[in-house]
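Here is a short report on a protein chain. Look through the sequence and the 3D view first, then read on about its salt bridges and its strands.

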Amino acid sequence: MSSVLVAREGHLAVLTVNRPDKLNALDNDTIRALHRAVDELSADAGVGVIVLTGAGEKAFVAGADISVLAKQGVLEGRANSVLGQRLMQALEDSPKPTIAAVNGFALGGGLELALACDLRFAAAGAKLGLPEVSLGILPGYGGTQRLPRLVGMGMALQLILTGDPIPAEEALRIGLVNGVFPLAELMEGVRKVAARIVSRGPTALALAKEAARRGAALGLAEGLALESDLFGLASSTAEMKEGMQAFLEKRKPGWLRT
Ligand code: COA
């Protein structure tokens, strides 16, 4: 059985980390398989939104596989970190909107996977945290960088330095997740949000994500210039003509995806 399942539901692609007996812990083969799947779906014009979730009812992903990390020396440790970081960057750089459906424990690399997605929704009862310091390491798949950018330095350092997970409701309060659903309703809730996104212009979505993602690493003036350039680019598309024509004709736009 593959450690990563890919399911297509119309314009939605659902990636499921499938090692439920290990609470979906990420070993290196799983990281590589996820990276390949993200690259393939990112290049597929028929895909509108990518959703990531975990198999079973207990865990989204309970972290990097500790049995792999336990054997690492200095150079392997660095290589393991880079391998995971590249997957997270591929998600962040994907032109497709990405959503993490956090159906249970999102710990360590699991939370870092969710952090690399554009939106996060959690099941009530899920626990989210970065417990690495309790293992004598630090988050290595981007957690020390993405968490402070998302929730601010104070809350991020509380999670990073205590290693204690927080419940889904607290994650919602601090802005770590966008919403919380009862577990049985999580995927339905995520599908509804995904459907809203899929109803929008696909090129506009990719350019808007790029403006926000690339702009976050820039100063305000550079970010605004980037936004104007991408706005100009959007103005050259058939998609813009269709979107505006549809508004003027009081009909739904018909987007081109292929
Ligand atoms: N790496 C490797 N295996 C893991 C794992 C991880 N990150 N998280 C869970 N597992 C495995 C357990 O070893 C166990 O395997 P086994 O049945 O072969 O012994 C199985 O998944 C079930 O986990 P278990 O610990 O028995 O479940 P639990 O309900 O008692 O506890 C957790 C759940 C999430 C609290 C606990 O598994 C845990 O703390 N996991 C590690 C979390 C972590 O530190 N992640 C960051 C890693 S950098």
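There are 14 salt bridges in this predicted model. A salt bridge here is a side-chain nitrogen of Lys or Arg within 4 Å of a carboxyl oxygen of Asp or Glu. Side chains of opposite charge can pair when their charged atoms come close.

The model is predicted, so local features need pLDDT of at least 70, side-chain atom pairs count only at pLDDT 80 or more, and totals for chains, interfaces and linings use all residues. Residues are numbered from 1 along each chain as its sequence is written, and side-chain values use heavy atoms, with hydrogens and water left out.

**Salt bridges**

| Pair | Distance |
|---|---|
| Arg8 and Asp44 | 3.0 Å |
| Arg213 and Glu92 | 3.6 Å |
| Arg173 and Glu170 | 3.0 Å |

Arg8 and Asp44 link distant parts of the chain, 36 residues apart. Arg8 sits in strand 1 (residues 4-9), and Asp44 in the loop between helix 1 (28-42) and strand 3 (49-54). Helices (H or I, at least four residues) and strands (E, at least two) are DSSP runs, numbered from the N terminus.

How open are these side chains? Buried means under 20% relative accessible area, exposed over 50%, and partly exposed in between (1.4 Å probe, protein chains only). Arg8 is partly exposed at 42%. Asp44 is partly exposed too, at 27%.

Arg213 and Glu92 also link distant parts of the chain, 121 residues apart. Arg213 belongs to helix 9 (residues 202-215), Glu92 to helix 3 (residues 74-93). Arg213 is partly exposed at 28%, whereas Glu92 is buried at 15%.

Arg173 and Glu170 both lie in helix 7 (residues 168-173), 3 residues apart, about one turn of the helix. Arg173 is exposed at 59%. Glu170 is partly exposed at 23%. Elsewhere, salt bridges that share partners join Glu92, Asp118, Arg146, Lys209 and Arg213 into one network.

Strand 2 (residues 12-17) is mostly covered, with 6 of its 6 residues buried. Leu12, Val14 and Thr16 are on one side, and Ala13, Leu15 and Val17 on the other.

Two strands pair if DSSP finds at least two bridges between them. Strand 1 and strand 2 pair in the antiparallel sense over 6 bridges. Val6 has Leu15 in strand 2 as its bridge partner. Their hairpin has 2 residues between the strands, and Gly10 takes a positive phi near 65° there.

Strand 2 and strand 3 pair in the parallel sense, over 6 bridges. Leu12 stands opposite Val49 in strand 3.
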